[in-house]
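These notebook entries record what I looked up in one structure.

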Amino acid sequence: MEVVAHLVNDTLEFYKWSLTIADKRVENWPLMSSPFPTVAISCLYLLFLWAGPRYMQGRQPYTLRKTLIVYNFSMVVLNFYIATELLIGSRAAGYSCLCQPVNYSNDANEVRIASALWWYYISKGVEFLDTVFFILRKKFNQVSFLHVYHHCTMFILWWIGIKWVPGGQSFFGATINSSIHVLMYGYYGLAALGPQMQKYLWWKKYLTIIQMIQFHVTIGHAAHSLYTGCPFPAWMQWALIGYAVTFIILFANFYYHAYRRKPASVHKGSKPVANGVSAVTNGHSKAAETADNGRRQHKRRAKSE
């Protein structure tokens with residue numbers, strides 16, 4: 001117990017010291033004065049992951065079609081706003097894409113960038129609703145380890161980012177990620193409009209590829225900063241590299257199973273299955289198509305007789 005007490009005391013002392021180097025501009029912004037609201041929201045998210053499926057057991061899944069349309073296109077607007085603000089603010093402040101230390105001044109452009117990054121952090125909390133909607137619709141297979149890991153860690157890590165480095169190099173990854181999320185939520189919004197949109201949604205696979213490219217670019221960017229001695233906290237760069245590596249592994253695994261792995265061998269007597277759906281051509285099953293061919297052949301023979 002004494003060891004635990006010392007560990008807790010040392011952690012608290014380190015946190016108190018870290019507050020002395022935190023960004024004073026953001027300390028009174030919503031959710032930024034203390035980590036507890038962010039941690040509490042994240043814990044509620046994990047609690048819902050446990051309680052939600054149990055609540056939905058024995059219940060019909062919710063459709064939520066209109067809710068999903070509004071939610072997804074609202075996220076398109078929010079992420080477009082964030083990306084635009086970061087691009088305009090960083091350009092006006094003369095940011096370098098290769099090395100940009102944090103400027104803690106009250107310069108209008110620097111505050112604009114910090115504000116956009118705060119909205120980016122808030123968007124990661126709003127994205128918890130992705131999981132809530134999956135569970136309420138009983139799409140439990142969508143709530144994978146990758147999904148939960150991504151949502152839970154991003155919200156907490158970006159609280160840290162906004163608390164200590166809401167500017168400088170931080171703008172780079174947030175700009176790329178929010179831009180990709182414009183495409184991603186645009187895809188989900190179109191999908192929520194109904195089956196008639198499916199023919200326009202052939203590009204889902206390429207979203208995953210773009211996301212994996214994003215992580216490689218992030219690693220290269222952080223490694224370049226470390227190599228050149230860019231005056232941005234080195235421990236954050238190393239942490240970013242490690243974090244991006246985990247995403248590359250998880251996304252590569254998802255991509256392989258979703259798009260590259262050959263379908264499992266079909267059991268004897270069962271219908272061929274692709275993506276969990278029995279093989280269908282233009283709305284007719286293969287069995288029905290075979291029967292139609294047989295009837296046509298029978299008619300031709302009858303005519304010839």
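The model is predicted, with local features needing pLDDT of at least 70 and side-chain atom pairs pLDDT 80 or more, while totals for chains, interfaces and linings use all residues. Residues are numbered from 1 along each chain as its sequence is written, and side-chain values use heavy atoms, without hydrogens and water.

Entry one: the helix pair. Helices here are DSSP runs (H or I, at least four residues), numbered from the N terminus. Helix α3 covers residues 65-92 and helix α5 residues 128-136; their axes (lines fitted to C-alpha atoms over the stretch in contact) lie 12 Å apart at an angle of about 165°. Therefore α3 is roughly antiparallel to α5 (angles over 145 degrees, on a scale from 0 to 180 between N-to-C directions). I noted T67, L68 and Y71 of α3 and L129, D130 and F133 of α5 as the residues making the contact (heavy atoms within 4.5 Å).

Entry two: Y95. I located Y95 in the loop between α3 and α4 (108-126). Is Y95 buried or exposed? Its relative accessible area is 12%, so I recorded Y95 as buried (under 20%, with a 1.4 Å probe and protein chains only; exposed is over 50%). Beyond neighbours within four places in sequence, the contacts of Y95 include I113, G167 and F171. I also found a polar contact of 2.7 Å between the side chains of Y95 and E110 (a pair of N or O atoms within 3.5 Å, one able to donate a hydrogen and the other to accept it; residues adjacent in sequence count only if both atoms are side-chain atoms).

Definitions and conventions. Parallel < 35°, antiparallel > 145°, perpendicular 65-115°, else oblique.
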